[in-house]
Amino acid sequence: MKHGLLTAWAIAQKDLRTELRTKESINAAASFSLVILVLFSFAFDLGREELYAISGGLLWLVYSFAGALIVNRGFAREIPNDCLDVLISSPAPGWAIFLGKAVAAFCLLIIVEMISLPVFGLFYNIRWTESFGSLAIVILLATWGITVVGTAFSAVTVNVRLRELMLPVLLYPILIPLLIGAMGTTTALLGGESMTGDNLSSLRLLIGFDLIYTSLALYLIDFVLVF
Amino acid sequence: MREKAVYLLGLLGALVMIFNLNTVFNKLPDEAMQGAVYRIIFIHVPAAINADIFYTVALITAILFLATKNFIWDSITVSCIEVGTMLILLNLVTGSIWGRNQWGIWWAWDLRMTSQLMCFLLYLGYLLIRPAIAEPTQRASLSSIVAIFAYADIPLVLMAIRLPNVRTQHPGPVLETGQMAPMFKAPFGIGILALFLIGTALVLVRMHQETSQREIDSLRRELHAA
Amino acid sequence: MDITNLTFLFYGYSAGWIIITAFVLSLVSRGRRIDRELARLKSLVEDREKS
């Protein structure tokens with residue numbers, strides 16, 4: 001167990017280091033989310049009230065698009081030079097490889113989100129700093145959900161034809177309940193509500209989603225990597 | 001022998017269906033509020049219930065495949081998911097037509113409609129990824145995992161759409177509020193049975209095709225190897 | 001009896017039968033294709049064994 005966690009940490013470090021040196025997917029995801037934010041501002045011509053009403057939905061659409069871009073690279077990064085085969089045949093347990101990759105994708109997506117959140121506030125004139133504390137909880141939970149399911153599907157689709165197309169087709173329907181919860185709560189928090197009542201039940205949904213899919217993915221990943 | 005059993009099952013299902021339709025159309029009176037159109041429910045709801053049954057079978061066989069690596073389980077999984085998705089589509093379309101008549105709109109983001117639509121999308125992913133994987137063992141393993149992931153999402157979807165801060169314009173779930181008059185219960189149950197028999201016959205046909213397909217694959221390999 | 005209700009009842013059931021029939025037809029056509037392919041491959045294998 002301890003050995004596995006150390007391995008996972010090593011893999012996460014390795015992925016983060018390569019990514020931060022080359023900045024392949026992080027640049028792509030960050031600029032993509034900025035473009036989407038700009039596009040949305042042309043798509044809707046809205047007053048202040050209405051903007052707050054759709055703010056959560058907007059933010060999470062951007063985040064989930066960026067998330068799909070990032071998790072797509074998760075296992076695909078290991079394809080050149082047969083690195084994936086080496087990883088699988090190494091003594092590292094499958095769940096540790098998966099966990100490492102999920103943690104790396106999580107950190108990358110959080111970075112992208114922290115870049116686009118201020119831009120979002122700026123472009124749409126939305127105050128997010130006051131509710132940032134409770135917003136951060138929602139962002140952390142939902143981002144973990146996106147990355148854990150995304151990384152699992154990135155492992156599923158890594159050897160599949162049309163990988164880049166298949167991943168979103170599988171990923172987004174599964175994410176719907178998570179995104180419903182995250183969007184609703186984010187809208188409420190940005191609108192000045194506190195983390196009580198309805199928002200707490202959304203939070204429970206996010207936690208439930210994370211728990212179910214983290215355990216499912218950790219348990220099933222061996223069947224994905226070694227069939 | 002096997003084919004005869006399948007035909008017999010399908011025929012039995014069709015007979016039960018015809019018997020039931022006779023009851024529904026000729027014996028049952030019109031409903032007080034809706035007139036004649038309520039009769040759609042006798043195919044609409046059985047389709048949904050049978051889809052749930054087939055999806056549950058698919059979940060069990062997906063787990064069994066991962067545990068045993070026996071391909072028979074995988075062929076049951078894919079057959080059940082295809083038939084289940086067809087039934088969900090049937091459910092959505094008939095429901096939409098009923099809604100156009102009763103609510104005046106084709107689609108309302110009602111709790112049940114939303115959850116059914118999401119089931120449809122989830123399993124559509126399964127049906128799309130399956131042909132994209134070339135190697136048979138890999139195809140079976142990976143798509144079994146997708147089936148398990150999709151099923152695990154259903155309770156979460158049900159939870160999410162009940163969240164109070166989700167704005168849905170829903171006219172109230174039909175079955176949770178209304179009580180069904182006793183004379184409707186029997187045709188309702190028989191309708192479920194009829195679609196179940198027909199669905200099972202279709203699953204068996206599809207399973208056989210999957211077996212033949214595997215035979216084709218192995219013959220091809222044999223030819224290439226020689 | 002309201003006439004539009006009958007129309008929609010008709011639409012509903014026809015849509016249902018169309019979906020089921022379309023599914024059955026797709027099954028049948030796929031089954032034919034598979035059977036043909038299987039027969040072709042079997043004869044190929046037999047030819048090869050003879051020669």
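Helices here are DSSP runs of H or I with at least four residues, and strands are runs of E with at least two, numbered from the N terminus.

## Basis of the model

This is a predicted model, in which local features need pLDDT of at least 70 and side-chain atom pairs count only at pLDDT 80 or more, while totals for chains, interfaces and linings use all residues. Residues are numbered from 1 along each chain as its sequence is written, and chains are lettered from A and ligands numbered from 1 in the order in which they are written.

## Confidence in chain A

The predictor's confidence in each residue is given as pLDDT, from 0 to 100. Chain A has a mean pLDDT of 88, with 100% of its residues at 70 or more. Within chain A, helix 4 (residues 83-89) has the lowest confidence, a mean of 85, and helix 6 (residues 132-157) the highest, at 93.

## Positive phi in two loops

Most residues other than glycine have a negative phi. B:Lys69 has a positive phi, near 60°. B:Lys69 sits in the loop between helix 2 (41-68) and helix 3 (71-102) of chain B. Exposure is judged from C-beta atoms placed from the backbone: a residue is buried if 20 or more others lie within 10 Å of its own, exposed if 12 or fewer, and partly exposed in between. B:Lys69 counts as partly exposed because it has 14 C-beta neighbours inside 10 Å.

A:Leu162 also has a positive phi, near 55°. A:Leu162 lies in the loop between helix 6 and helix 7 of chain A. With 12 C-beta neighbours inside 10 Å, A:Leu162 is classed as exposed.

## Contact between chains A and B

Two residues are in contact if their C-beta atoms, placed from the backbone, lie within 7 Å. The contact between chain A and chain B involves 29 residues from chain A and 28 residues from chain B. On the side of chain A that touches chain B, helix 7 (163-190) and helix 8 (198-225) of chain A each supply at least two residues. Helix 8 of chain A gives the largest share of that side, 12 residues.

For residue classes, Ala, Val, Leu, Ile, Met, Phe, Trp, Tyr, Cys and Pro count as nonpolar, Asp, Glu, Lys and Arg as charged, and the others, Gly among them, as polar. The side of chain A that touches chain B has 20 nonpolar, seven polar and two charged residues.

## Contact between chains B and C

Here 30 residues from chain B meet 26 residues from chain C. Helix 3 and helix 7 (182-225) of chain B each supply at least two residues of the side of chain B that touches chain C, and the largest share, 12 residues, comes from helix 7 of chain B. This side of chain B comprises 16 nonpolar, seven polar and seven charged residues.
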